[in-house]
Amino acid sequence: MALQALQSSGVAFRKILSHFPEELSLAFAYGSGVYRQVGPSSDQKVSLAPGQAPRRESASSHENAMLDFVFTVDDPVAWHSKNLKKNWNHYSFLKVLGPKIITTVQNNYGAGVYYNPLIMCDGRLIKYGVVSTSILIEDLLNWNNLYIAGRLQKPVKIIAMNENVALRSALDKNLKSAVTTAFLMLPESFSEEDLFIEIAGLSYSDKSPEGQFTQLMTLPKTLQQQINHVMDPPGKNRDVEETLLQVAHDPDCGEVVRRGLSAIVRPSSMKQSTKGIFTAGMKKTVVYSSLKLHKMWKGWLRKTS
């Protein structure tokens, strides 16, 4: 399946961006409102099982989907202060506490992102998250929670980006770490489609323990620590390098890496979801959750029909 960006999306996204304070180090859009999965033709009738009527995959359903944005800012307090003046009604009850409290909630709870969901902007329903540049760089390099770093390993549409060298370098490092991790979890034979991205200049062609150890040593710090936690028996307190050497010789190396990833992603996602009750407000949280469940239900029906 290919990913196709919606036509004329760049102009529409930049127009939406004009409604927010300009001080952004990075802004990107993602999800079904930006990309749609296409087969031979996104508007072509497709035959299903024998005896079943063909159906058309409608482009309009994707173009009406909620648009998801992430805004990266160097100074969250200053940015929220300006955004409160421009878009007061975007915020939950936390707005009355001011930009400093909003930033404290953003940085210290969940995955370091403050989301405002279910916002009407230029006739489109949008959701946007705000993250500190320094916190994003840490996540990109070390995978502290893999929340935004994980999103940036998938197709996104960059709308704005400044000349922050540290951020650009961290974005590159995140993608390289993703490729290395995926390689460790794949079987010896795999296709380009299995990896989802083209791996340029990959230097390892067998999955030898030596090669796997080298790759494990280049993984982000938090993932290495979680792998060590998975493998280290209580009371033994081995150092990370010793554990990674053991994992490199383990036939289930990929599964160990997968468990380490799960230990990062699951808590941060749960914390971020809980934080959403306060940042979005109870009413918006219920509505947004209902929309997500409806989307999941429709997807399940498509698979079973």
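My notes start with the whole chain and then turn to single residues.

**Entry 1: overall view**

I noted at the outset that this is a predicted model. I counted the elements: 13 helices and nine strands. The protein has 305 residues, and 43% of them are buried. I looked up its accessible surface, which comes to about 16,700 Å². Carbon and sulfur atoms hold 56% of that surface. Residues 24 or more positions apart account for 70% of them.

**Entry 2: how confident is the predictor?**

I looked up the mean pLDDT, and it is 77. Of the residues, 69% reach 70 or more. Which element has the lowest confidence, and which the highest? Strand 4, residues 45-46, is lowest, at a mean of 37. Helix 3 is highest, at 98. I then marked residues 1-8, where the pLDDT is below 50. Beyond near neighbours in sequence, that stretch still has 22 contacts in the model. I marked residues 197-205 too, where pLDDT stays under 50. The model gives that stretch nine contacts beyond four places in sequence.

**Entry 3: the nonpolar cores**

I went to the largest nonpolar core next. It has 34 residues. Those with the most contacts inside it include F28, L136, L140 and L152. Which helix gives this core its largest share? Helix 12 does, with five residues.

L152 is in contact with F28, L136, L140, L171, N174 and L175. L140 is in contact with A149, L152, L167, A170, L171 and N174.

L140 is found in helix 5. Is L140 buried or exposed? Its relative accessible area is 0%, so L140 is buried. I also checked the spacing between L140 and L167. They are 27 residues apart along the chain, and their C-alpha atoms are separated by 8.7 Å.

N142 lies in helix 5 as well, which covers residues 133-142. N142 has 14% relative accessibility and counts as buried. Leaving aside neighbours within four places in sequence, N142 is in contact with P220, K221, T222 and L223.

Helix 4 covers residues 99-108. I listed its buried residues: I102, T103, V105 and Q106. Just after helix 4 I found G110, which takes a positive phi of about 70°.

**Entry 4: salt bridges**

I reminded myself of the idea first. Side chains of opposite charge can pair when their charged atoms come close. How many salt bridges are there? The count comes to four.

E23 forms a salt bridge with K82, and their closest N and O atoms are 2.7 Å apart. E23 lies in the loop between helix 1 and strand 2, while K82 is in helix 3, so the pair ties together parts that are 59 residues apart in sequence. E23 is partly exposed, at 42% relative accessibility. K82 is partly exposed, at 40%.

R168 meets E163 in a salt bridge, at 3.5 Å from N to O. R168 is partly exposed, with a relative accessible area of 32%. E163 counts as exposed, at 66%.

E255 forms a salt bridge with R258, and the closest N and O atoms are 3.8 Å apart. Both residues belong to helix 12, residues 253-280. They are three residues apart there, so about one helical turn separates them. E255 is partly exposed, with a relative accessible area of 41%. R258 is partly exposed too, at 42%.

Notes:
Residues numbered from 1 in each chain as written. Predicted model: local features only at pLDDT ≥ 70, side-chain atom pairs only at ≥ 80, totals over all residues. Heavy atoms only, no water. Buried < 20%, exposed > 50% of the residue type's maximum accessible area, 1.4 Å probe, protein only. Helix = DSSP H or I, 4+ residues; strand = E, 2+ residues; numbered from the N terminus. Salt bridge = Lys/Arg side-chain N within 4 Å of Asp/Glu carboxyl O. Core = buried A, V, L, I, M, F, W, Y, C linked by side-chain atoms within 4.5 Å. Contact = heavy atoms within 4.5 Å. Areas by Shrake-Rupley, 256 points an atom, 1.4 Å probe, with all protein chains shown as cover. pLDDT = per-residue confidence, 0-100.
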